[in-house]
Amino acid sequence: MAVSYVVPNSSNIDVDQVWIGAHLATMAGTAPYGRVDDAALAIKGERIAWIGSAADGRRLAQAQGAAIGEAEGLWITPGLIDCHTHLVYGGNRVEEFERRLCGVSYEDIARAGGGIQSTVRATRSSSREALYESALARLRCLMMEGVTTIEIKSGYGLELGAERRLLEVARDLGKNLPISVLKTFLGLHSLPREFADRRQLFVDEVSGPWLAALSGAGLVDAVDSFCEGIAFSVPETEQFLQAAKQQGLRAHVHAGQLSDMGAAQVAAKWGALSADHLEHVSAEGARAMAAAGTVAVLLPTAYFTLRQTTPPPVALLREAGVALAVATDNNPGTSPCTSILLAMSMACTLFGLTPEEALSGVTRQAAQALGVLKDVGTLEVGKCADLAFWRIERPADLCYGLGANPCAAVMYRGKMREPPQGRQGRDVALASA
Ligand code: NIG
Ligand code: FE
């Protein structure tokens with residue numbers, strides 16, 4: 001799909017709305033940010049139909065009798081994509097936050113039955129309604145910042161019924177809200193206590209009947225495993241990824257968050273869409289990911305919350321040719337973060353990404369990490385009209401501000417939704433003529 005700059009022949013381009021006078025960061029093509037100034041973007045139904053100059057866009061709209069949106073001076077980017085979240089869970093872990101600040105480590109808390117296990121207890125005892133409502137509040141924060149696609153992992157149920165409930169809540173959020181939701185079965189997140197002396201049985205159950213049941217119910221777009229000393233081993237992860245592959249499912253892997261167990265190589269070996277975290281990854285792991293097209297999903301707000309000191313080797317990943325995505329990792333333990341803009345900012349300040357890499361990381365590369373680049377992630381003719389409108393002077397502003405929300409409006413599949421009330425109390429409304 002190429003960005004089209006051809007002067008429209010109004011007889012053969014069918015459009016029903018044209019947004020005129022914006023700067024576009026298409027995130028496609030060779031110019032920085034895929035920038036197009038004083039542009040127009042035309043939409044037919046749910047898809048982008050044409051991109052060109054403001055003057056041509058106005059003629060096109062008039063010839064077609066299409067609605068005109070004046071986007072004078074605003075920037076339009078692809079709708080943002082949060083490609084790694086654990087959005088649906090019960091309770092919170094504020095007490096652990098306080099304990100960690102007194103010097104107790106994340107691993108020690110986990111080994112003592114806290115950490116993920118404490119959220120599993122809170123999640124199992126939460127009603128479906130409570131899970132939905134608390135996740136909805138978090139989701140609204142992300143949507144106010146221009147997020148139009150989100151990945152949501154299960155992993156805090158760790159029994160079949162509870163995992164199903166989490167995935168159903170994720171599905172229902174996607175049904176009831178305009179945002180697109182991709183559901184990931186994080187079957188191997190933590191060994192539940194009832195399986196404490198039956199590890200292999202748990203991995204067999206997750207990889208066998210649980211995966212079959214959840215996938216059969218249409219609740220699984222991909223699987224995930226936390227491959228780590230305090231979680232699951234390489235062979236356990238491989239068993240799960242192999243089972244997923246047999247079901248035709250793609251995978252993500254929590255890899256190299258706390259140590260390098262070779263999880264990046266495992267992700268690559270099984271053709272995983274992404275390996276996520278990667279504070280600890282070798283050159284060999286990076287090369288394997290590049291060869292397999294496995295995206296590195298960087299999670300700077302988790303790194304920040306855990307006060308980690310070894311950032312991912314971004315230069316090594318870049319040199320190897322690994323695509324870099326950025327996400328919030330929203331979860332109660334390591335990243336109670338509902339701001340994708342903060343994740344972008346921290347990707348720059350803590351990990352050394354350029355603002356262009358950070359924006360690409362939450363658009364194009366995030367789409368790649370979810371296997372949905374053919375439909376979203378860039379502004380190109382034929383793709384879904386998922387758009388974020390920004391009151392900014394240049395794209396780097398999205399990474400520069402800390403705590404500001406310059407999002408003026410969000411469009412999901414061609415439909416403009418209520419303009420978000422940003423944290424600065426903006427009241428921007430884009431009126432279609
Ligand atoms: O991505 N690392 C594993 N999973 C989450 C944390 C889960 C938790 O602590 O509740 C993460 O950081
Ligand atoms: Fe995570």
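Student: Which protein donors hold the iron ion (ligand 2)?

Tutor: Donors are N, O and S atoms within 2.8 Å of the metal (3.2 Å for Na, K and Ca); water is not among the atoms, so sites may look incomplete. Here the donors are His84 (NE2), His86 (NE2), His254 (NE2) and Asp329 (OD), 2.1 to 2.3 Å from the ion. This is a predicted model: local features need pLDDT of at least 70, side-chain atom pairs need pLDDT 80 or more, and totals for chains, interfaces and linings use all residues. Side-chain values use heavy atoms, without hydrogens and water, residues are numbered from 1 along each chain as written, and chains are lettered from A and ligands numbered from 1 in written order.

Student: What spacing do the donors follow along the chain?

Tutor: The pattern is H-x1-H-x167-H-x74-D. His86 sits in the loop between strand 6 (80-82) and helix 2 (94-101), and Asp329 in the loop between strand 13 (324-326) and helix 13 (340-349), so the pair ties together parts 243 residues apart in sequence. Helices (H or I, at least four residues) and strands (E, at least two) are DSSP runs, numbered from the N terminus.

Student: Which domains does the assignment give?

Tutor: Domain bounds come from an automatic or database assignment. Domain 1 is 17-78 + 377-431, and domain 2 is 80-370. Their C-alpha centres lie 30 Å apart.

Student: How much area do domain 1 and domain 2 bury between them?

Tutor: The size of an interface is often given as the accessible area lost when the parts come together. Buried area is that loss (1.4 Å probe), summed over both parts. Domain 1 and domain 2 bury about 2100 Å², 65% of it on carbon and sulfur atoms. In domain 1, Met27, Cys399 and Tyr412 lose the most area to domain 2, together 29% of what that side buries.

Student: How many salt bridges cross the interface of domain 1 and domain 2?

Tutor: A salt bridge is a side-chain nitrogen of Lys or Arg within 4 Å of a carboxyl oxygen of Asp or Glu. Across this interface the rule finds 0. The whole structure has 21. One of them joins Arg47 and Asp375 (3.0 Å, N to O). Arg47 lies in strand 3 (residues 47-53) and Asp375 in the loop between helix 15 (364-370) and strand 14, so the pair ties together parts 328 residues apart in sequence.

Terms used: Buried area = accessible area lost by both parts, 1.4 Å probe.
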